Amino acid sequence: MADAAPAIPAWTLAPAQPADRAALAALIDTVLAASPALTRAQQALLRAHAEDHLHGWLDAAQAGGVSCHLLARGPQDEAVGMVLVREHWQLCSLYVAPDWQGRGLGRALVHAAWRASHGRTDRPLLRLVAAPGAEGFYRHLGFRAVRSLQTLPEGFVAMGLPLDGDDPFT
């Protein structure tokens, strides 16, 4: 009896490239439009935030401020997910296409972000601000609510995951 071949992931992760900007913007729009937990005002806030990141990520990367900007591609080379981490401690953007949610892609992107940050900052936590409806996902990955020094919009929660110690995803 032959051993089964290892499963090949349905996606590939690679650094995002300048040519990916339009695909990333379209992915963000698709995810936000399909997020029932978000009001239109929250969608607009997140869209503006994401646009700022898309316009500034190349400059930040050249200055050493972006630790990780990964794009996940599906089997037809389509953009199905993305993650952006700044300065090896601030997870700024995580988007997974609606049809790809629940398949482990979000977890894989956060794990890649954690690995890209681990041991590269004196900050104790990989921090993020969870949008309404996303807090449970991050809690499932081990993130906990933390105090924020800034006033957050209603429904948003500051969260952190320790960057020291063993890999929490294994």
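## Helix H3

Is helix H3 mostly covered or mostly open? H3 is mostly covered, with ten of its 13 residues buried. Here, buried means under 20% relative accessible area, exposed means over 50%, and partly exposed is in between (1.4 Å probe, protein chains only). The buried residues of H3 include Leu109, Val110, Ala113 and Trp114.

H3 covers residues 105-117 and reaches 18 Å from its first C-alpha to its last, close to the 18 Å expected at 1.5 Å a residue. That expected span is 1.5 Å times one less than the number of residues. Just after H3 comes Gly119, which takes a positive phi of about 75°. As for the labels, helices (H or I, at least four residues) and strands (E, at least two) are DSSP runs, numbered from the N terminus.

## About the model

Keep in mind that this is a predicted model: local features need pLDDT of at least 70, side-chain atom pairs count only at pLDDT 80 or more, and totals for chains, interfaces and linings use all residues. Residues are numbered from 1 along each chain as its sequence is written, and side-chain values use heavy atoms, leaving out hydrogens and water.

## The nonpolar core

The largest nonpolar core has 49 residues, and Leu91, Tyr95 and Phe143 touch the most other members. H3 gives this core its largest share, seven residues. A nonpolar core is a set of buried Ala, Val, Leu, Ile, Met, Phe, Trp, Tyr and Cys residues joined through side-chain atoms within 4.5 Å.

Take a look at Leu91: leaving out residues up to four places away in sequence, Leu91 touches Val83, Leu84, Val85, Val110, Ala113, Leu126, Arg127 and Leu128. Contact, by the way, means heavy atoms within 4.5 Å.

## A hairpin and its neighbour

Strands E3 (residues 79-86) and E4 run antiparallel and are joined by six bridges; two strands pair if DSSP finds at least two bridges between them. One of the links is between Arg86 and its bridge partner in E4, Gln90. The two strands form a hairpin with three residues between them, and Glu87 in the turn has a positive phi of about 55°. Six of the seven residues of E4 (residues 90-96) are buried, so this strand is largely enclosed by the rest of the structure.

His53 sits in helix H2 (residues 40-62) and is buried, at 7% relative accessible area. Not counting residues up to four places away in sequence, His53 touches Leu84, Arg86, Cys92 and Ser93.

## Charged pairs

There are four salt bridges in the structure, each being a side-chain nitrogen of Lys or Arg within 4 Å of a carboxyl oxygen of Asp or Glu. Arg47 and Asp29 make one of them (2.6 Å, N to O). This pair links distant parts of the chain, with Arg47 in helix H2 and Asp29 in helix H1, 18 residues apart. Another joins Arg139 to Glu135, with the closest N and O atoms 2.9 Å apart; both lie in helix H4, four residues apart, about one turn of the helix.

Asp20, Arg73 and Asp77 are linked in a network of salt bridges. In the Asp77 to Arg73 bridge, the closest N and O atoms are 3.6 Å apart. Asp20 is found in the loop between strand E1 (12-15) and helix H1 (21-33), and is buried at 8% relative accessible area.
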